[in-house]
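Subject: Structure handover

Hello,

Here is the structure I said I would pass on. Please open it next to this email and follow along.

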Amino acid sequence: MEGKRLHIINAALPSVEGESSQCGQTAGLYELTAAGGVWQSIERQNGINPGQPGFICLESYGTNVSELNEAVCLDLQGKLLLPGLVDVHMHLDKAFSLESAGNKSGTLLEAIHNYSHAVQGFTKEAIKSRMIKAALMALSYGTTTVRSHLDFHLAGGKELAFRTIEAALEAREALHGKMKIEYVLMTPYRELDLIQDAVREALDMGIDLIGGAPHLAPDPQASIDFIYKMAERTGKPVDLHADESDDPAARTVVEIARMTKQYGMQGRVTVDHLCSLSAMTEPDAEAVIQEMADAGIYAVTLPAVNLYLQGRGDKGLVRRGTTRIRELLDAGIGLAAASDNIQDPFHPYGRGDLAQIAAMTSYTSHMGGAADMQRILSMITTIPATIMGLKTYGIAPGNPCEMVITGEDTLQQFYSGTAPSRWVYSQEQWQAVTVHSRSYIDR
Ligand SMILES: [Zn+2]
């Protein structure tokens, strides 16, 4: 195999060790080799490898990515090595728009309203540069693959709607060779008979999936019908915002499940949020989850934005807003956790760091045991990779060498953010390095 070589020793691999990990500790260390951007071998070591001359620790390169890219033999000294993280639900186009858009009430409806006004003042270049900034920030935390939804504001005219699409396509081109990005078109839900051609045109430009938010539509059924017809015509998969509401009566997911079966789209449909599932009675929630399982639907939980936007009408014991995370996983539904919005009217915080999202997922679902930490790791790695159809994902010989090495030694430390250094490798090179340092006064 030609190309750049890597030889790594003393790596902790919780994604390979799986449930055998104890208390968030990894049970063993590994030696790995890669060449030409492909994993060649992954061998379990017998204890710690003292290393030979030439094996250098990552910190010694500081943040000099170019110099690190010359290195072959690396001693991780027990650090975590994870497959490149997969953020399957972002809104890169909206990132960092908080200052322009604002959100006084902190509700979903004001966020949508304010952004739809603010976007009219954004140039294509401004949207593109914010998208690149958000994507690179996510990359720096270890995310090597992103699925981003894109707004499509046809109500403001065709030029406005296509401004975001063009910005997104140019941003993806600019990020070529660094990370993989997939786009979902948020189809409008009004005047469906007038928007068909524009939606088709946008999809044909290179948008990968059909999306939308039918629970917000004046006629959700008509919106869902439109989306599935468009999916049939274009052959594109579907990824929908669904039931992002505290109202237990919000259950468009049931209709989405029915349509998925009717159109034979099992395994090609993802639904995001499902907040109302938590507000339903137990029997109702069980029935909805069963419908989803029967239809082979994937799901994504977005705890940061749910904690921020949901429960706004509650006093005292405010609901968390997240879906039934453990129940969905227990039902065998492929449930990922993702970032959603970053520093925009939908969510004023965030940085595209899936370790932070993993911690929030753990808090909101009460999943903090050792096995839970492993399950949550799968929600930011293998499950979203499956949702995105990545067939050669993960640390195994023959698969692309995409990885993030962290300053921490265990998942529990990783989710806690105790040593937040990151070394991110994808597409045959080290892409980003963050080295955390701390000192205390010496007296
Ligand atoms: Zn979203």
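Two notes before you start. Residues are numbered from 1 along each chain as its sequence is written. The model is predicted, so local features need pLDDT of at least 70, side-chain atom pairs count only at pLDDT 80 or more, and totals for chains, interfaces and linings use all residues.

**Domains**

The protein splits into domain 1 (5–83 + 395–434) and domain 2 (85–387). These bounds come from an automatic or database domain assignment. Taken over C-alpha atoms, the two domain centres are 31 Å apart.

How many residues of each domain are in contact? Two residues are in contact if their C-beta atoms, placed from the backbone, lie within 7 Å.

**Strand β1**

Start with β1 (residues 5–12). Six of its eight residues are buried. A residue is buried if 20 or more other C-beta atoms lie within 10 Å of its own, exposed if 12 or fewer, and partly exposed in between; the C-beta atoms are placed from the backbone.

Strand β1 has two partners to look at. With β2 (residues 29–35) the pairing is antiparallel, over six bridges. Two strands pair if DSSP finds at least two bridges between them. Arg5 stands opposite Ala35 in β2. With β5 (residues 73–75) β1 runs parallel, joined by three bridges. There, His7 stands opposite Cys73.

Now move to β7 (residues 85–90). It runs parallel to β8, with four bridges between them. Asp87 has Val146 in β8 as its bridge partner. Eight of the eight residues of β8 are buried, so this strand is largely enclosed by the rest of the structure.

Next comes β9. Six bridges join β8 to β9, again in parallel. Arg147 is partnered by Glu182 in β9. The chain gets from β8 to β9 through α6, and this β-α-β crossover is right-handed. That means the path from the first strand over the helix to the second runs clockwise when the strands point away from the viewer. Six of the seven residues of β9 are buried, so β9 is also largely enclosed by the rest of the structure.

Three parallel bridges link β9 to β10 (residues 209–212). Val184 has Leu209 in β10 as its bridge partner. The chain crosses from β9 through α7 to β10, in another right-handed β-α-β crossover.

Helix α6 (residues 158–174) has 17 residues. It spans 24 Å from first C-alpha to last, close to the expected 24 Å at 1.5 Å a residue. The expected span is 1.5 Å times one less than the number of residues. Its buried residues include Ala161, Ile165 and Arg172. What do the buried residues of α6 pack against? They pack against α5 (124–140), β8 (143–150), β9 (180–186) and α7 (192–204).

Helix α14 (residues 354–365) has 12 residues and reaches 16 Å, close to the 16 Å expected. Nine of those 12 residues are buried, so α14 is largely enclosed by the rest of the structure. Among them are Leu354, Met360 and Ser365. Just after α14, His366 takes a positive phi of about 55 degrees.

Find Val433 in strand β17. Is Val433 buried or exposed? It is buried, with 21 other C-beta atoms within 10 Å. Leaving aside neighbours within four places in sequence, Val433 is in contact with Thr63, Val65, Leu68 and Trp423. Ala279 is 154 residues from Val433 in sequence and 42 Å from it in space, C-alpha to C-alpha.

Best wishes

Notes:
Helices (H or I, at least four residues) and strands (E, at least two) are DSSP runs, numbered from the N terminus.
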